[in-house]
Amino acid sequence: MILEAKNVSYFYKSQKDKWILENVNYGFEPGKMYALLGPSGSGKTTLLSLLAGLDIPTKGEILYDGKPIAARDLTEHRKHHISLVFQSYNLIDYLTVAENVKLGGRKAPEPILDKMGIGKEYWKRNVLQLSGGQQQRVAIARALASDANVLLADEPTGNLDEATAWDVIDLLKKIAHEEGKCVIVVTHSKELADSADIAIRMDQF
Amino acid sequence: MNCLQRAWRSVMRKPIKSILLLLVMITVCLFLLCGMACRNADVQTQDTARQAIGAGLRLDANEKNRSKRLTECSEKIGEGQEGSYGGVHQKKLKTAYGAQWMVWCDNSFDCLQISDIEKLADVPGISDYNISTCMTAVNPVGFDRIEDPDLDQTSDMGGVVLIGNRKMELDSNVLSGNVTLKEGRMVTEKDRDVCVISEQLADQDHLAVGDQIGFNDYHDPEGSQVRKAAVIGIYQTKQMMSPLMAGDTFRSENIIFTDLRFPEKAEGSENDPCYEHAYFQVGDVDGYDAVKAAVSAVDIDWERYDLIDRNGNMSTMSSNFSDLEKISALLILITFAAGFIILFLIFVFWTKNRNYEIGILLSLGYKKRNVLGQLFAEAFITAFLAFAISFPLAPAASKAAADHLVSAQVEQEELEKNMDADKVAYSTVQSEQTVVGVEAGITKEMFLICGAGMVMLTAVSIGTAGIGILKKNPKDILSELV
């Protein structure tokens, strides 16, 4: 297991009587693509933020490589172990395509962009000049620029048309299978869940 | 990509945001420089004004001491006795109303002691000195005085007035700027039997420089000796000189400036001068207080004299420009306070608007201090650009600000003077000093202080605004993104 939720429970401070997650136990392996499914409010995004080290569980712990991430600096966990891809791409608007990718890590952006199918002519353009699908590819390229072994994606196809969404799904699968990364995707999409190696319904916890 | 690289790109690629911040910073920068330049201009103007006006000490007879001496002399002559002592004369007159005592003093009693004047003139720091005689009424010979045809002249002595000067350019009327030469020259210490007449007298009697006019004792216009004086100059006044007493003898146009010893000759009391004032010019006005102390320390009978500061105009000018100094200091303080508030609000708004970007960077594993460092770097890049742009603009802006402040001060002073016009009486003619220009130079020190001030202002503003980022939990920022 590269990433593991162990007896994880969580509630928001403002709603102490309502547990968002209760005693969740699950392990994620490298080289596989996981899909987290479930209705709104089922705790998908919460679990993702706990796995990313953006927050800490009320009870239980998140282990990375068998060690609790809370024992380390969470910023370091985010920087070295986790890559994040968001539904709204979250690219920085005053940087070019290549510069946005550079933000992700030390790897040279060009080969990654090439692999993501972003043509050379786009590399020096402002990201806002790209289409939604291209922007999401740049966001994934930025995630790949780091050496992180885990890629967490929150509704990565939520803002894309069907054809582009499939492209992105294929890309994520490739990253899991070819690069040996653990890809965890939060989604509402049944198609995406079906194409994942493992689909996890949040109500099963 | 480090925070400096990101900061540079953010500044360059978000021009509207950068230009707005840049304009605010340029304004703050210019206001700071203007404030400092005005403070400096203030000092320069003040010093220039002091040098232009000049300063000195006037020696007058002490009135209390005069009364005391008069009583002592009368006692020496003896009560009910006729006689003279120390320049005081007592005489019993028989009148229609019975016997009456007349007491009068001659020039020797009222005259300032020349030995004392010369002692004071030798004090280091006294660059020059003047002696002025009292206004001496004499009879004009060979020319007519100026008279008011509607005035009853029966009680007037029918004369003109002479003021003798060792050096006319140091006469109080000349120093105040009221009397200026229209033609010819002023009386100097080497002149003998010369005079400077008013332009009205010259016009009426068709007198010109080089002409000779005569005077004698008005008590005996027919029998007394006529003393001639050559006209060496014609003066004009900005406003009439205050008459010593009523009557056309003392009217401004009939005042004639002569060499020091001429009035005593004209009134028939040669070798019995009446020196009324002595004026000691201080060479370096900045050393005024030290010179005054040295003069006061000279061993003379100080009970006889009053030593009067003749720097009243200088004080007025100084106090006016001290107001300017206060305004300038206030301008700097207000700029700092307003600059801080404006920049703080801009940066608070700025960081709030950049939550999205801050969230992305935090999610990518960038530390808070790295994010804050980028904001600092952006602010400092803008501050540096603002400072660089202010460099060439500052001298012109400072000059305009200083000119405006000084003219506002002068206007204010003029307004106050006009308001007081019918309420305040001046015993002497007030000088009219006009500010012709203001120097508001920007020095290297000012740039350094302004630079340091801007760095401090920017650092404090963004530091205070950035506390919000440091306090925030990454999840609070990122919850909007995840």
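A salt bridge is a side-chain nitrogen of Lys or Arg within 4 Å of a carboxyl oxygen of Asp or Glu. This is a predicted model, in which local features need pLDDT of at least 70 and side-chain atom pairs count only at pLDDT 80 or more, while totals for chains, interfaces and linings use all residues. Residues are numbered from 1 along each chain as its sequence is written, chains are lettered from A and ligands numbered from 1 in the order in which they are written, and side-chain values use heavy atoms, with hydrogens and water left out.

**View 1. Asp73(A) and Lys367(B) meet in a salt bridge.** The N to O distance between the two side chains is 3.3 Å. This pair crosses between chains: Asp73(A) is in the loop between strand 5 (67-68) and helix 2 (74-80) of chain A, and Lys367(B) is in the loop between helix 11 and helix 12 (368-420) of chain B. Helices (H or I, at least four residues) and strands (E, at least two) are DSSP runs, numbered from the N terminus. Asp73(A) has 37% relative accessibility and Lys367(B) has 26%. Both values are called partly exposed, because buried means under 20% relative accessible area, exposed over 50%, and partly exposed in between (1.4 Å probe, protein chains only).

**View 2. Chain B is in contact with chain A.** Contact (heavy atoms within 4.5 Å) involves 24 residues of chain B and 26 residues of chain A. The area buried between the chains is about 2,300 Å², and carbon and sulfur atoms give 60% of this. Buried area is the accessible area (1.4 Å probe) that two parts lose on being put together, summed over both. Between chain B and chain A there are 5 salt bridges. One of the salt bridges in the structure joins the side chains of Glu99(A) and Arg9(B), at 2.6 Å from N to O. Helix 1 (3-13), helix 11 (355-363) and helix 14 (474-478) of chain B each supply at least two residues of the side that touches chain A. Helix 11 gives the most, with 6 residues.

**View 3. Glu378(B) forms a salt bridge with Lys17(B).** Their closest N and O atoms are 3.1 Å apart. The pair links distant parts of the chain, with Glu378(B) in helix 12 and Lys17(B) in helix 2 (residues 15-53) of chain B, 361 residues apart. Glu378(B) is buried, at a relative accessible area of 0%, whereas Lys17(B) is partly exposed, at 22%.

**View 4. Arg166(B) forms a salt bridge with Glu189(B).** The closest N and O atoms lie 2.9 Å apart. Arg166(B) is in the loop between strand 7 (160-165) and helix 6 (172-175) of chain B, and Glu189(B) is in the loop between strand 8 and strand 9, 23 residues apart. Arg166(B) counts as buried, at 13% relative accessibility, and Glu189(B) as partly exposed, at 40%.

**View 5. Glu155(A) has a positive phi although it is not a glycine.** The angle is about 50°. Glu155(A) sits in the loop between strand 7 (150-154) and helix 6 (162-179) of chain A. With 13% relative accessibility, Glu155(A) counts as buried.

**View 6. Helix 1 of chain A is mostly covered.** In this helix (residues 44-52), 8 of the 9 residues are buried, including Lys44(A), Thr46(A) and Leu47(A). Just after the helix, Gly53(A) takes a positive phi of about 80°.
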